[in-house]
Amino acid sequence: MADRAALEDLVRVQGERVRGLKQQKASAEQIEEEVAKLLKLKAQLGPDEGKPKFVLKTPKGTRDYSPRQMAVREKVFDVIISCFKRHGAEVIDTPVFELKETLTGKYGEDSKLIYDLKDQGGELLSLRYDLTVPFARYLAMNKLTNIKRYHIAKVYRRDNPAMTRGRYREFYQCVNDRRILDGMFAICGVPDSKFRTICSSVDKLDKVSWEEVKNEMVGEKGLAPEVADRIGDYVQQHGGVSLVEQLLQDPKLSQNKQALEGLGDLKLLFEYLTLFGIADKISFDLSLARGLDYYTGVIYEAVLLQPPARAGEEPLGVGSVAAGGRYDGLVGMFDPKGRKVPCVGLSIGVERIFSIVEQRLEALEEKVRTTETQVLVASAQKKLLEERLKLISELWDAGIKAELLYKKNPKLLNQLQYCEETGIPLVAIIGEQELKDGVIKLRSVASREEVDVRREDLVEEIKRRTSQPLCIC
């Protein structure tokens with residue numbers, strides 16, 4: 001039994017080594033060699049009939065976050081939240097699950113991705129698919145017609161997730177309007193009953209070619225080939241305000257009331273974008289469809305660009321990091337009197353942004369601090385635990401983020417090494433002489449410079465030296 005336990009330990013250690021090499025992106029040969037060692041150890045271990053087989057892993061499409069990853073994640077959230085607050089937004093929260101009927105019929109073809117929960121006491125429930133429908137329910141329940149809110153929370157989808165990795169540096173925004181799309185479908189000859197399903201096909205144009213989209217429309221959804229061709233003439237166009245002006249003169253599209261309203265609003269939007277100085281970053285893209293059923297007007301998407309591999313090439317779009325639009329009819333679905341509340345929103349793809357920032361840090365080999373500790377309280381001699389505890393209590397009471405090592409008599413070298421490993425910038429050192437003189441020796445970890453600071457002045461000196469926020473992205 002003891003031999004088996006020792007062998008299991010070897011398997012665990014070797015497994016950790018293999019995972020570490022993969023994370024470090026070691027050479028394929030080195031990884032293959034270590035995997036072979038792991039398999040050999042597992043073969044020696046053999047089957048254990050008395051032990052139930054259980055694979056420790058996270059569910060598909062989910063992940064754990066290490067302290068380092070959470071530090072990056074919190075920084076991303078801080079940047080986003082500070083932007084929301086700068087524009088006067090308030091924060092709300094809603095339950096992680098909703099009544100199934102609340103979510104039903106709001107997402108078109110994506111409804112199949114909703115997670116349903118087992119009946120637990122008479123109510124049919126589902127995990128929230130997004131934060132927009134719960135927000136509309138919240139507005140209707142509380143009879144609100146005016147709120148600028150932000151909401152950061154997890155949502156759940158039965159999807160096949162894939163994380164695209166790469167070094168991404170710039171964004172562009174695509175804009176369209178559901179009224180323009182509906183008007184375009186109408187003049188092209190799409191039956192009313194097929195508007196939403198054809199819209200879902202058009203929404204795939206950022207991922208697949210027009211020919212593939214056309215084949216889906218004709219072969220799977222029964223659209224006439226000539227109708228699909230007419231749609232293709234429109235949805236492959238993109239540009240700026242000049243394209244809006246051009247479509248306003250289109251002999252067919254300009255005769256459609258819905259399309260005309262949408263084009264008029266987009267023209268006004270581009271005027272505002274010019275005032276903000278960002279019109280050159282916006283593309284009017286007729287293929288942008290956004291498959292969700294609840295959009296009623298302008299729709300938009302922020303797409304990340306990867307720099308071209310060679311000079312003269314166009315930047316490569318590598319994925320959406322934010323998207324949203326206008327949904328004026330959604331709240332009315334929950335209101336007993338059907339009252340409409342104009343709404344417009346944006347959802348930011350935090351997971352994708354987090355992956356991008358994380359990879360950038362890995363590429364630059366930047367060290368990320370996982371704590372915000374300003375100072376380590378250390379001792380230079382033995383039997384000074386009580387003095388360390390007194391000092392750290394004073395610092396905590398003054399709002400200083402401080403740590404100490406959980407040992408009675410830690411060696412000074414070990415305490416200094418801990419600071420270097422964790423990125424703590426300062427060390428407050430207590431020694432017998434310092435206690436007699438009423439001072440604390442304050443050491444800069446980076447420069448190794450030491451100064452004596454009067455105990456009553458220590459808090460202010462630490463604040464002064466650590467006032468600059470640490471940036472990780």
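Reader: What should I know about the model before we start?
Author: The model is predicted, with local features needing pLDDT of at least 70, side-chain atom pairs counting only at pLDDT 80 or more, and totals for chains, interfaces and linings using all residues. Residues are numbered from 1 along each chain as its sequence is written, and side-chain values use heavy atoms, leaving out hydrogens and water.

Reader: OK, what's the strand order in the open sheet of 5 strands?
Author: The order is β12-β11-β13-β14-β15, with mixed pairing. Strands here are DSSP runs of E, at least two residues, and helices are runs of H or I, at least four, numbered from the N terminus. Two strands pair if DSSP finds at least two bridges between them.

Reader: And which are the edge strands?
Author: β12 (402-403) and β15 (450-454), each pairing on one side only.

Reader: How many bridges join β13 to β14?
Author: There are 4, and the strands, residues 426-430 and 439-444, run antiparallel. Leu 426 sits opposite Ser 444 in β14.

Reader: Switching to helices: where do α7 and α8 meet?
Author: Ile 198, Ser 201 and Val 202 in α7 meet Val 213, Glu 216 and Met 217 in α8. Contact means heavy atoms within 4.5 Å. By class, that contact has 4 nonpolar, 1 polar and 1 charged residues; nonpolar covers Ala, Val, Leu, Ile, Met, Phe, Trp, Tyr, Cys and Pro, charged covers Asp, Glu, Lys and Arg, and the others, Gly among them, are polar.
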